[in-house]
Structures are given as structure tokens and as C-alpha cells.
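Work through each task before reading its solution.

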Amino acid sequence: MLLPAVILTFIFAYIPMGGLVIAFQDYKPWLGFAKSSWIGLEHFQFLFSMPENVQVIWNTLIIAGLKLIGGLIAPLIFALLLNEVRKETFKKSIQTFVYLPHFLSWVILGGILLDMLATKGMINQFLGAVFGLEPIFFLGDGTWFRIVVVTSDIWKEFGFGAIIFLASLAGINPALYEAAEVDGASRWQQTWSITIPALIPIMIVVGTLSLGNILNGGFDQIFNLYNPLVYDKGDIIDTFVYRVGLIDGKFGFSAAVGLFKSVVGFVLIVIAYRAAYKFANYRIF
Amino acid sequence: MYHKTKPYKVFTVFNYTFLILLSLLCIIPLIHILAVSFSGKAAANANLVGLFPVEFTLDAYEKTLANENFLRSLWIAVQRTVLGTILSMVIVTLAAYPLSRENRSFKRRNIYTWYFVFTMLFSGGLIPFYILIQKLNLLNTMWVLILPGAVSVWNMILLLNFFRNVPKELEEAAFIDGAGYFRTLISVFLPVSMPAIATLSLFSMVGHWNAWFDGLIFLTDHEKYPLATFLQTIIVQQDFSKVSVRPEDLENISQRTIKAAQIFIGMAPILVVYPLLQRFFVKGIVLGAVKE
């Protein structure tokens with residue numbers, strides 16, 4: 001019964017790993033793996049010698065880092081606030097609305113954002129009417145671009161990210177709250193001394209696991225929002241690999257960048273899983 | 001009782017207001033795009049449309065649905081979603097069942113599990129993957145959209161965790177009645193795992209419907225683009241060279257209301273399955289992901 005899955009995984013996951021040898025070659029598609037000449041670590045030296053290449057790694061770290069922090073705090077606050085709602089139907093309707101963006105692709109959302117963030121779009125109109133601001137060139141200015149990327153990612157995922165916190169909140173023993181009531185604790189004191197400590201293990205799990213993703217800035221999102229004006233501050237490793245490798249045809253160099261990312265990512269994920277196991281007793285299967 | 005204290009009542013009012021604002025924030029962009037799609041061309045170009053259509057018309061939808069390229073990509077997306085979901089669910093279910101068994105009855109279980117999990121942690125990356133697809137002659141086929149993602153390790157883990165919670169007695173009873181492994185999987189495990197199967201199928205459907213990047217790089221024949229890839233080139237890249245349009249149609253494609261209509265049709269199936277999905281997924285995800 002395992003056979004189909006084993007074969008497919010071998011073909012589409014393990015064979016490409018073998019293909020990584022081209023990171024050490026001056027790969028020419030018409031010569032193939034066997035005949036292309038070996039150049040050792042030249043691609044890697046090139047990666048770290050060009051300032052714009054190193055900039056790509058920094059961009060990735062900055063964008064992914066901000067997303068990680070926002071993506072941990074926003075769902076947590078949302079879950080805590082939603083947990084205070086006593087009316088079930090109200091709670092359910094709020095959940096229905098905030099989970100929705102998670103299921104839409106960045107092509108759809110990118111299309112909507114491009115429309116809304118244009119200089120004459122809805123958001124600039126709103127800012128102009130309410131605060132009298134000049135139109136902001138959101139998608140043509142590097143700094144604004146980063147802000148848009150991080151904010152829209154948090155906007156898309158905060159609701160769905162809260163599910164796991166809501167599940168943990170539902171698992172807290174009500175007797176703890178009853179005891180605190182008897183002792184005269186206010187709701188704020190209860191949250192601080194019961195709810196937050198109960199959530200710490202799951203926060204550690206979510207936090208450490210997303211740390212393993214620190215080299216993923218979110219290809220789909222950036223690819224659907226960016227343009228040449230913001231390459232300097234918005235280009236991440238994945239978009240860079242795509243552009244340099246498939247568009248410019250530098251297969252070997254691009255594969256080297258990809259390999260660098262895979263290795264660092266692998267080490268980070270393994271550390272993250274170990275940490276999650278150690279501090280919060282989390283296992284994947 | 002904190003419920004009756006004054007500060008808590010004030011907090012509750014603020015909390016409800018804040019949560020309502022948050023949920024509005026999540027759907028206002030969708031309402032806006034819907035309003036644009038039903039608005040007249042002039043009103044949309046003059047940026048007069050907010051949350052309600054101005055000069056209501058169905059013109060944009062008529063033109064979109066008269067566009068052959070759009071309809072073809074829509075049909076390809078439907079085919080891809082149906083075929084891809086069925087294939088993936090069959091393969092994942094077949095693999096999850098043996099992997100859910102105890103170490104005693106399936107000794108190499110851990111080796112196989114790590115064989116799959118390792119692919120989640122490390123990958124060859126885009127370039128070697130692209131070269132592989134090229135060498136396999138899969139460019140421009142439906143298979144390239146379906147096969148590489150068919151083994152979803154994430155779904156497999158969720159399902160195997162679900163299978164583990166099936167009572168042992170059920171399985172033993174089936175064996176005693178003379179059922180083999182296949183029979184047991186089909187007659188015992190599948191019926192009791194319907195919530196999990198439904199959740200994962202719906203996730204898989206949403207994934208296939210939304211996927212656009214594989215189409216963009218592996219289909220050089222633009223007539224084979226599924227809807228998501230088609231929309232990506234038209235709306236995001238604004239690249240009309242790939243859709244073989246006649247010059248007189250160009251204005252129709254780049255028009256803002258038509259783009260809005262295309263975006264809306266592109267997300268409509270998700271808006272339809274989403275309410276069905278929501279009933280199951282909290283249970284499905286949490287059961288698989290959080291363990292005591």
C-alpha cells in the first residue's frame with residue numbers, strides 16, 4: 001500500500017536532491033550533469049561577494065523575521081479577545097469572517113491589493129479623505145513595500161493562526177478560574193496568572209517551528225506584489241532563485257543559492273523541532 | 001464575579017466593537033472588488049466605487065464569460081482540481097494506513113515515516129526540480145500539475161494521527177471476520193474517518209484550485225493554463241502576450257471592472273466550499289496537530 005507514495009516521493013523529492021550537484025558545476029543544459037565541468041565552490045563565493053546578492057539574504061531575514069513576530073503576537077491577542085466573548089453565535093460569525101482570507105490565494109489577494117493600493121485606489125482615497133495625506137506609492141517604494149508585505153501577511157493569517165490558541169484555551173481546566181474567582185481575582189489577573197501560563201507551551205511550539213522558516217519570506221505573496229522598482233528591498237531568496245535561474249538561465253548559480261537556503265533551513269528546522277520537543281514535548285507523529 | 005464589575009462591562013463593549021472591526025477588515029477588500037465588478041466602466045475608472053456598485057451593470061461578467069481563454073482555463077482548473085484531489089487522497093490514504101500501525105506489526109514503520117518527513121525538511125529546490133520535469137518530458141501535460149504534489153506529507157501525517165485514534169478492537173474484529181488489510185481499510189477505517197477525509201479532501205481541492213506557479217513555469221503552451229495561472233498573468237503581471245488576444249479585445253481585458261469580475265469568479269468556488277470546510281477543519285487540524 002505504501003508503494004505508490006514511496007515511488008512518487010522518490011521521483012519528485014529525492015531525485016531533485018541529486019540534481020543539486022549542478023550547484024558545484026558550470027552547468028550547461030545541452031551537456032547534462034555528466035559532461036558539465038566542475039567548478040567547486042565558485043558559485044558560493046560569487047553569492048557572498050556581490051553586495052546585491054547578500055542584500056537578498058538580508059531582505060529575506062528582515063521580512064520573514066517581522067512576519068514571524070507579527071504572526072505570533074496577532075493571533076495570540078485575537079484568540080485572547082475572542083475567548084472573552086460569551087455569545088456563541090457572535091463568536092462563530094467573527095471566526096467565519098477572519099478565517100476566510102487564509103483560503104484565498106495570493107493571486108486573488110494580490111489582484112485585490114494591487115487595485116486597492118494603487119495611488120488612486122481605495123486605501124489612498126481613504127487616507128486622503130480622513131487624514132488629508134498625499135497619495136502613498138505603496139508598491140513602488142521599498143520601505144512601504146516591506147510594510148505592505150508584512151501587514152498583508154498578518155492580515156491574511158491571523159485568524160487562522162488563532163485556531164491553535166483557541167483550542168488550547170478550550171482545554172484549560174475551568175476549576176482554575178473558579179478557584180481564582182473565590183480568591184477575588186479580577187479577569188485581568190486571571191488572564192495573567194492562568195491563561196497566559198497555560199498558553200506558553202503552545203507559544204513555544206508555534207514560535208520555534210516558525211523559526212525554522214526564517215529563510216522563507218513567502219514566495220507567492222512577494223511574487224504577486226513586487227515589481228522591478230522594489231527589487232532592492234523586496235527581493236527574497238526564492239524570488240531571486242526564480243529570476244536568476246529560470247528567467248536569466250543561470251541554472252548552476254541559482255541551484256547553489258537554493259542549496260544554501262535548503263541547508264540552512266534544514267539545520268534551523270531540526271534545531272526548532274528538537275527545541276519544541278524539549279521545551280513543550282511536541283512531536284510531529 | 002468579574003462579569004458584573006463595571007470595568008469588565010466597559011471592556012466587553014470595546015472588545016465586541018474591536019472584533020467587529022477586525023472581521024470587517026477581513027471582508028471589506030472582497031466586498032470592494034465585488035462592487036467594482038458590478039459597476040459601470042466610467043464609474044470604476046473614476047474611482048467612485050466604494051463598497052456598493054455604482055451604475056449597476058452585469059456587463060463585466062458578460063464579457064468575461066464570453067472570453068474563450070477564460071472559459072478554457074476555468075475548465076482546465078476544474079479538471080485539475082478533481083483529478084488531483086482524487087489521486088492525492090487515494091495515495092495518501094493508502095500510505096497513512098500502514099504508517100498508522102504500531103511498531104510491533106510493522107517494523108520498518110519509522111524508516112518509512114522518516115523517508116517521507118525528510119522531504120518536508122530538505123529539498124532539491126526549484127532549479128533541479130525544473131530540470132527533472134524537463135527530462136521526464138512532463139512539460140505541457142496535466143500530469144505535471146497533479147503528480148509532483150500528490151504525496152502531501154502534511155496530509156499523510158494528519159491522517160495517520162487520525163487513524164491511530166480508531167479503536168484497536170474494530171480492526172481486530174475485522175481481521176477475525178477474515179478481512180485482509182485492504183478490506184479493513186475500506187470497510188472499517190474509511191467510514192469512521194470521514195471527518196478527517198472530508199477535511200483533507202477540501203484542503204486538497206483548495207490547494208489545487210489556488211495553485212498557479214507550477215502552471216506558470218511548466219506550461220509553455222498558454223492554452224493549457226489553469227485559471228489561477230491565467231489570472232496571475234492577466235491581473236498581476238498584466239502580461240497579455242500570453243493569452244493570444246485580438247487587439248480589439250485588449251481593452252476588454254485590461255478594463256478594471258473586468259479584472260474585478262475575473263478575480264471574483266476565481267474566488268467564487270472557494271467561497272462556496274468554505275462554509276462546508278469550516279464545519280470540519282478545526283477538529284481535523286487540532287486532532288492531528290496537537291497531542292497531549
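**Exercise 1. Salt bridges in the whole structure**

Task: State how many salt bridges the structure holds over all chains.

Solution: The model is a predicted one. Over all chains, twelve salt bridges are found. The exercises that follow take up some of them.

**Exercise 2. A pair in chain A**

Solution: 
1. The cut-off is 4 Å from a side-chain nitrogen of Lys or Arg to a carboxyl oxygen of Asp or Glu.

**Exercise 3. A pair within a helix**

Task: Find where A:E88 and A:K92 lie relative to each other in chain A.

Solution: 
1. The side chains of A:E88 and A:K92 form a salt bridge, with N to O at 3.8 Å.
2. Both residues belong to helix α5 (residues 88-99) of chain A.
3. They are four residues apart, which corresponds to about one turn of the helix.
4. A:E88 has a relative accessible area of 46%, so it is partly exposed.

**Exercise 4. A pair between chains**

Task: Identify the helices that A:D115 and B:R256 come from, and decide whether the two residues are buried or exposed.

Solution: 
1. A:D115 and B:R256 form a salt bridge whose closest N and O atoms are 2.7 Å apart.
2. The pair runs from helix α6 (residues 106-116) of chain A, which holds A:D115, to helix α15 (residues 256-289) of chain B, which holds B:R256.
3. Both residues are buried.
4. Across the interface of chain B and chain A, one salt bridge is found.

**Exercise 5. The interface as a whole**

Task: Describe the contact between chain B and chain A by its polar pairs, residues and buried area.

Solution: 
1. Between the two chains, 15 residue pairs are in polar contact.
2. On the side of chain B that touches chain A, helix α1 (residues 6-37) of chain B gives the most, with 17 residues.
3. The residues of that side of chain B comprise 73 nonpolar, 17 polar and five charged.
4. The contact involves 95 residues from chain B and 81 residues from chain A.
5. Together the chains bury about 7900 Å², with 78% of this on carbon and sulfur atoms.

Key. Residues are numbered from 1 along each chain as its sequence is written. Chains are lettered from A and ligands numbered from 1 in the order in which they are written. This is a predicted model: local features need pLDDT of at least 70, side-chain atom pairs count only at pLDDT 80 or more; totals for chains, interfaces and linings use all residues. Side-chain values use heavy atoms; hydrogens and water are left out. Contact means heavy atoms within 4.5 Å. Buried area is the accessible area (1.4 Å probe) that two parts lose on being put together, summed over both. A polar contact is a pair of N or O atoms within 3.5 Å; within protein, one must be able to donate a hydrogen and the other to accept it, and residues adjacent in sequence count only if both atoms are side-chain atoms. Ala, Val, Leu, Ile, Met, Phe, Trp, Tyr, Cys and Pro count as nonpolar, Asp, Glu, Lys and Arg as charged, and the others, Gly among them, as polar. Buried means under 20% relative accessible area, exposed over 50%, partly exposed in between (1.4 Å probe, protein chains only).
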